Amino acid sequence: MTRGEGLEARGGAAPRLRASWQRSANYGVPGDEVKPVFTASVDTGSLLYECGSEVLQGLHATLANEPISLMLTDSEGLVLSRVCGDPAITRSLDRVHLAPGFSYAESNAGTNGLGLALADRTPSLVRADEHYCTSLRGYTCAAVPVLDPITGALAGSVNFTTWSDQSSDLLLALAQTAAGHTSALMLARASGRRARPAPRGEVYRVYADRIDPPELSAAWRHTLLEAMDAMGRGRTLAVVGEPGAGKTALAALARRELHPRERVLNARPPAPDDVDAWLAMWAPEVGKDSTCVIVSGVDALPAWAASELAARFTAHRTGFVLTAPDSAAIPAPLLPLAETVVELPPLRLRPDDVMPLAHHFAHRARGRAVTFTPAATRALTTYDWPENAKQLRRVVAEAAARADTVDAHHLSPEVFTTSGPRLSRLQALERDEIVRCLSQPGATVVAAAAELGMGRATIYRKMAQYGIKNRQLRS
């Protein structure tokens with residue numbers, strides 16, 4: 001049997017495995033011996049390591065007599081920890097360097113459980129001869145990604161490895177349980193903040209706004225003209241910038257300016273299990289003269305989806321746009337297709353855009369013009385907007401829903417504070433109450449302290465602790 005022949009008949013997982021094998025070959029991974037990169041230092045101070053190690057140690061106590069090695073890796077495939085009660089499998093894994101300090105990413109070790117789980121960001125089971133390297137075919141590996149419960153970013157993975165002749169029916173389910181417990185424990189120890197919802201693929205038409213877009217700053221217009229120039233010359237465009245900065249909006253506006261009657265679709269990253277349906281939903285539109293597809297956040301695409309997109313886009317060099325946080329985040333298969341890259345500056349570097357956007361978002365939310373008092377304007381323009389225009393739109397929409405004239409006390413408390421450490425839920429409630437009292441018309445620190453039952457010194461200390469800027473609260 002030649003390399004890869006056995007993958008053709010392995011059902012639904014075969015396309016992912018074939019894609020992984022092809023990537024492994026492209027990386028130049030040896031087929032007979034795994035030679036992972038060794039890193040002497042392992043980060044044992046991270047929240048992932050703390051929580052993942054605790055979960056795996058607890059699970060190991062119930063599997064002490066089973067020939068299963070339980071491992072934790074970081075997002076790059078570096079093995080952080082390994083627990084196993086079976087000396088034989090431990091010695092065997094040492095021989096193939098599946099041990100702490102070694103990287104088992106696809107680019108180093110070829111197709112394997114943890115490398116595939118990290119590449120495609122989905123639970124993965126790689127059995128026996130499904131491994132790219134022959135030296136790994138004595139094992140079956142089940143691995144599941146662990147996502148940061150606050151940001152949704154890929155934090156690492158848990159990987160369970162056993163002999164290839166052992167039953168693997170429950171191995172993946174066990175790994176999924178361990179990954180879920182790790183993420184839950186990370187959330188519990190991350191100042192009690194809510195988890196970010198998992199991404200779901202969606203495709204929708206970008207219609208022309210009923211309200212004309214606002215006149216924005218020179219920085220925005222310069223990037224817009226760059227994008228229009230690239231599109232006008234038929235070059236494939238990638239727009240990069242911080243999350244929430246408005247990359248998709250800029251690409252859609254540039255396309256609409258050039259082709260007013262064209263249909264613009266926006267495809268966002270799918271959940272890993274929805275890749276097939278996601279592609280089937282919108283991919284046939286690529287190449288149509290009357291359609292442009294903006295694929296947002298390509299950095300979050302599973303590796304298999306990125307490879308499929310690259311294959312489809314190669315046949316149609318125009319009619320699509322990519323967005324990502326930066327050029328380095330564009331997946332390798334898609335990077336050669338980005339003939340022109342334009343960077344959209346974050347909102348904190350475009351302060352002149354804050355109020356035009358605020359009026360625009362408020363009008364859209366309320367259905368009519370909304371005004372802002374000087375105090376509200378001061379708060380909005382001096383805040384640094386770490387989540388960019390996306391955060392501004394949310395804050396303004398909430399305020400506009402309450403009044404036609406937005407004052408400081410209508411705004412979310414977050415805009416009156418400076419960026420700092422994460423707050424627990426109790427701390428956030430305390431901060432919000434202080435801001436509420438201080439933002440009332442005619443409020444003073446003394447009056448706020450009396451209403452809250454605090455001493456004046458205490459409220460000043462709390463204001464410093466939470467970064468509350470009282471100057472912005474005064475009308």
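Helix α11 covers residues 354-366, and at 1.5 Å a residue its 13 residues should span 18 Å; the end C-alpha atoms are 18 Å apart, so the two values agree. Keep in mind as you look around that this is a predicted model. Here is a short tour, starting with that helix.

**Around helix α11**
- Buried residues of α11 are Val 354, Met 355, Leu 357, Ala 358, His 360, Phe 361 and Ala 362.
- The packing partners of these buried residues are β14 (371-372), α12 (374-382) and α13 (388-400).
- Phe 361 also has a charge over its ring: the charged end of Arg 393 sits 5.7 Å from the ring centre.
- Just after the helix, Gly 367 adopts a positive phi of about 85 degrees.

**Thr 291**
- You will find Thr 291 in strand β11, residues 291-295.
- Thr 291 counts as buried because its relative accessibility is 2%, under the 20% cut-off.
- Its side chain makes a polar contact of 3.5 Å with that of Arg 263.
- Leaving aside residues up to four places away in sequence, Thr 291 touches Glu 262, Arg 263, Leu 265, Glu 285 and Gly 319.

**Aromatic pairs**
- The model has 5 aromatic pairs.
- One of them joins Tyr 139 and Trp 163, which are stacked because their ring centres are 5.9 Å apart and their planes meet at 15 degrees, under the 30-degree limit.
- Tyr 139 belongs to strand β6 (residues 139-147) and Trp 163 to strand β7 (residues 154-163), so this pair ties together parts 24 residues apart in sequence.
- Tyr 139 is buried at 4% relative accessibility, whereas Trp 163 is partly exposed at 24%.
- Phe 313 and Phe 320 also form a stacked pair, with 3.8 Å from centre to centre and 10 degrees between the planes.
- Phe 313 is buried at 0% relative accessibility, and Phe 320 is buried at 3%.

Definitions and conventions
Residues numbered from 1 in each chain as written. Predicted model: local features only at pLDDT ≥ 70, side-chain atom pairs only at ≥ 80, totals over all residues. Heavy atoms only, no water. Helix = DSSP H or I, 4+ residues; strand = E, 2+ residues; numbered from the N terminus. Expected span 1.5 Å × (residues − 1). Buried < 20%, exposed > 50% of the residue type's maximum accessible area, 1.4 Å probe, protein only. Contact = heavy atoms within 4.5 Å. Polar contact = N/O pair within 3.5 Å; in protein donor to acceptor, adjacent residues only side chain to side chain. Phe/Tyr/Trp six-rings, centres within 6.5 Å; stacked < 30°, edge-to-face > 60°. Lys NZ or Arg CZ within 6 Å of the ring centre and 35° of its normal.
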